[in-house]
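Hi,

Here is the structure I promised to pass on. My notes on it follow below.

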Amino acid sequence: MFEFTPDYSSYSTTELLNSLSLVDRERFAGRLADIRSELARRGVRYEETREMDGDKPRYKVKLLKTVPSENLSKQWQQTSHDVEIGDEDEKEAEHLGDATYWLFALGLLWWFSSWNDNFHPSLLTKSLMLVFIGLFVFMLLPKVLQRNNEDLADQARKTLLLMVAIGIGVLPFSLAQLHKVIAASTKPNATVLEIYNGNRWSCNERVLLEINDGRMVEVCGVPSYIFDRVRPNDQVQIEQLKSVFGITVDSGRIAIIEK
């Protein structure tokens with residue numbers, strides 16, 4: 001008689017472990033071998049425990065680890081009552097999620113606070129961020145979109161989010177610190193284009209300037225003793241730190257050039 005054989009290659013690792021614990025090992029020895037073969041192909045290490053339920057044996061399966069790097073994420077650890085997932089993998093997934101969350105939060109906080117520091121990233125800095133994020137999108141997106149191994153896809157999604165968080169938070173922050181080390185101090189003249197007294201996020205008491213080389217910069221947090229004196233079309237001298245990674249304008253060192 002024809003026997004239907006499941007396609008275990010399309011099962012997630014958790015589904016395979018469930019099947020290993022529930023399959024009738026006497027009637028379906030072939031399926032048992034197929035399940036174990038698929039788990040071995042994925043590098044899954046597990047532990048089986050045989051218990052008697054009346055006169056019938058039952059098996060509990062505990063995931064130990066996945067080799068080399070496709071560890072099960074917490075999202076896909078939806079176990080049956082017969083499958084136990086190792087605490088080590090669950091904690092690793094939680095740590096990865098926590099790290100991503102905090103990096104996103106710190107990245108956004110830095111971008112907002114950098115306005116008060118008046119750091120303006122250069123095109124090079126923005127390009128490095130895009131290249132960093134784009135590289136990991138290129139590497140991980142195929143794994144995220146594939147459907148044959150849901151565990152690997154979920155791990156790739158979490159890794160991609162972590163890399164994006166690093167790209168928008170850690171990388172520009174690091175480049176801004178390097179900028180402070182290598183930047184040269186200059187004192188160019190500039191023209192006041194507009195002044196703004198309202199608050200825009202963390203950027204208040206701001207002045208829009210056109211530097212003598214044609215670049216426009218917005219300076220936030222201008223002290224009141226300077227802000228109350230400047231007017232549009234005034235000629236001023238500013239102090240800035242300039243490097244390949246951007247410029248930083250000192251809001252407290254805007255000197256009005258007397259006509």
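**What turned up**

Starting with the pocket: the lining residues of the largest pocket split into 7 charged, 4 nonpolar and 1 polar.

Some housekeeping before the rest. This is a predicted model, where local features need pLDDT of at least 70 and side-chain atom pairs count only at pLDDT 80 or more, while totals for chains, interfaces and linings use all residues. Residues are numbered from 1 along each chain as its sequence is written, and side-chain values use heavy atoms, with hydrogens and water left out.

Back to the pocket. Its volume is about 310 Å³. On a 1 Å grid over the protein atoms alone, a pocket is an open set of points where a 1.4 Å probe fits, with protein on both sides within 12 Å along at least five of seven lines, and lining residues have an atom within 4 Å of a point. Points are joined across faces, edges and corners, and the volume is the space filled by probe spheres set on them. Of the 12 lining residues, Val23, Asp24, Arg25, Pro57 and Tyr59 are the closest to the centre. Helix 1 (13-22) and strand 2 (56-66) are the elements that give two or more residues to the lining, and strand 2 has the largest share, with 4 residues. Elements here are DSSP runs numbered from the N terminus: helices are H or I with at least four residues, strands are E with at least two.

Four strands form an open antiparallel sheet in the order 4-11-10-5, where pairing takes at least two DSSP bridges between two strands. Strand 4 (119-121) and strand 5 (184-186) are the edges, each pairing on one side only. Neighbouring strands are turned by 20° against each other on average, direction ignored.

Strand 11 (residues 246-249) pairs with strand 4 over 3 bridges. Phe119 has Thr248 as its bridge partner, and Pro121 stands opposite Gly246. Strand 11 is also joined to strand 10 by 4 bridges; these two make a hairpin with 2 residues between them, and Ser243 stands opposite Gly246. Gly246 and Thr248 point one way from strand 11, Ile247 and Val249 the other, and all are buried (under 20% relative accessible area with a 1.4 Å probe and protein chains only; exposed is over 50%, partly exposed in between).

Helix 5 (residues 150-182) lies across strands 4, 5, 10 (240-243) and 11, at about 105° to strand 10. Axes are lines fitted to C-alpha atoms, for helices over the stretch in contact, with angles from 0 to 180 degrees between N-to-C directions.

Phe132 sits in helix 4 (residues 123-145). Leaving aside residues up to four places away in sequence, Phe132 touches Met163, Ile166, Gly167 and Leu171 (contact means heavy atoms within 4.5 Å). Phe132 and Ile166 are 34 residues apart in sequence, with 9.0 Å between their C-alpha atoms. Phe132 counts as partly exposed because its relative accessible area is 24%.

Asn233, between helix 6 (224-227) and strand 9 (235-237), has a positive phi near 80° despite not being glycine, and counts as exposed at 57%. Asp250 lies between strand 11 and strand 12 (255-256) and is partly exposed at 32%.

Cheers

Definitions and conventions:
Nonpolar A, V, L, I, M, F, W, Y, C, P; charged D, E, K, R; others polar.
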